[in-house]
Each structure stands twice: as C-alpha cells, then as structure tokens.
Amino acid sequence: MRKGIGRNDLCPCGSGKKYKKCCLGNADQDTTSEFQSKYRFEAGSYGDIGSFMPSIACLKLMQSGEWIYHFVLVNPNQVLPEEDQAVIQAGEDLSVTFELKNKGGMDAAVAMDLKSKGYVSVDDFNVVGSSELQA
C-alpha cells in the first residue's frame, strides 16, 4: 500500500488537477496539515439574474498572509432562480462533504464527493463583488 500522494494523483486541494501541476511545489510539510492551514472554501453562486448555480471557491493562503482565489467549482446541474438559494445549496454541499472528510476521509475525498454532486472546475472565472481578501 502506497502512503501519501503521488505526483500523478489528484491534488488534495480539490482543484481537479494532478498534484504535480498544482500544489506539489508547496509541499514543504505534511500535506494534510498544509491542506488545512493553506486553503479555505467559501460557498457562493455563479450566474446572473434568474439563473444561479451553486459555486464553491477555494482560496489559497500566500506567504504574505493574503488569500487568493485558487479555483472555483460550479454545479451546472442545479440552476436556481435566486442567488441566495444557490449560496445556501453550495454551503450545504460543502458542509456534507467536509463532514465526510472529518469522519476519516482523505483530502482527495473532498474533490471526489463534490464531483459526484455535479461540481466542475471553471476556467477563467470572474469573482464579482468581493472585497480584497486578507488573512
């Protein structure tokens, strides 16, 4: 049985990218503690008036103490008429996913659970209405 994350495994941060193309360069310490301290997730919505989808943003902590958007996941299978409904749904999905992880799941299980719920990674995403993020 192999221990740890291989270069070609999915990155535990949930980006959907291979570990070697994502966070491998930041792996100065145990990936579990790195994942917990360097990343945070926020529920949100993606879309426009009358057509909102639940979204989850992963933010990465930089050495300067600044949080930057690392990736965004969107569930295109759930289109809701109100922005608040999409944010609530994303929050519930995120909550359930991390409950599973907290019960002994691995970091990669977070990404797989969200994928099973229909979330996909969005390239060239645009964050609207967010203030500058600080730690």
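## Basis and confidence

In this predicted model, local features need pLDDT of at least 70 and side-chain atom pairs count only at pLDDT 80 or more, whereas totals for chains, interfaces and linings use all residues. Residues are numbered from 1 along each chain as its sequence is written, and side-chain values use heavy atoms, with hydrogens and water left out.

The pLDDT (the predictor's confidence in each residue, from 0 to 100) averages 78 over the chain, and 76% of the residues score at least 70.

## Overall architecture

The chain holds 3 helices and 4 strands. Helices (H or I, at least four residues) and strands (E, at least two) are DSSP runs, numbered from the N terminus. Read from the N terminus, the elements run α-β-β-β-α-α-β.

Of the 135 residues, 33% count as buried; buried means under 20% relative accessible area, exposed over 50%, and partly exposed in between, with a 1.4 Å probe and protein chains only. Among contacts with a separation of 6 or more, 50% come from residues 24 or more positions apart.

The 4 strands form an open sheet in the order 1-2-3-4, with antiparallel pairing. Strand 1 and strand 4 (120-122) stand at the edges with a single partner strand each, so one side of each is left without a neighbour in the sheet. From one strand to the next, the twist averages 35 degrees. Axes are lines fitted to C-alpha atoms, for helices over the stretch in contact, and angles run from 0 to 180 degrees between N-to-C directions. Helix 2 packs on the sheet, where it touches strand 1 and strand 2, and its direction makes about 150 degrees with that of strand 1.

Two strands pair if DSSP finds at least two bridges between them. Strand 1 and strand 2 pair in the antiparallel sense over 10 bridges, including Ala-43 with Ile-56 and Phe-41 with Cys-58. These two strands form a hairpin with 2 residues between them, and Gly-50 in the turn has a positive phi of about 80 degrees. Strand 2 and strand 3 pair in the antiparallel sense over 7 bridges, and Ala-57 stands opposite Val-72 in strand 3. Their hairpin has 5 residues between the strands, with Gly-65 in the turn at a positive phi of about 85 degrees. Strand 2 is largely enclosed by the rest of the structure, because 9 of its 11 residues are buried.

A search of the whole structure finds 2 aromatic pairs. Rings of Phe, Tyr and Trp (its six-membered ring) pair if their centres lie within 6.5 Å; planes under 30 degrees apart count as stacked, over 60 as edge-to-face and the rest as tilted. Phe-41 and Phe-71 form an edge-to-face pair, at 6.4 Å centre to centre and 70 degrees between the planes. This pair links distant parts of the chain, with Phe-41 in strand 1 (residues 39-48) and Phe-71 in strand 3, 30 residues apart. Phe-41 is buried, with a relative accessible area of 17%, and Phe-71 is buried at 4%. Phe-41 and Phe-98 form a tilted pair, at 5.4 Å centre to centre and 55 degrees between the planes. Here the link runs from strand 1 to Phe-98 in helix 2, 57 residues apart.

Arg-40 lies over the face of Trp-67, at 4.6 Å from the ring centre. A charge sits over a ring if NZ of Lys or CZ of Arg is within 6 Å of the ring centre and within 35 degrees of the ring normal.

## Two individual residues

Thr-97 is found in helix 2 and counts as buried because its relative accessibility is 2%. Leaving aside neighbours within four places in sequence, Thr-97 is in contact with Val-110, Asp-113, Leu-114 and Lys-117.

Leu-80 is placed in the loop between strand 3 (67-74) and helix 2 (83-102), and counts as partly exposed at 22% relative accessibility. Not counting residues up to four places away in sequence, Leu-80 touches Gly-50, Ser-51, Phe-52, Gln-85, Ala-86 and Gln-89. The C-alpha atoms of Leu-80 and Gly-47 are separated by 9.5 Å, with the two residues 33 apart along the chain.

Key
Contact = heavy atoms within 4.5 Å.
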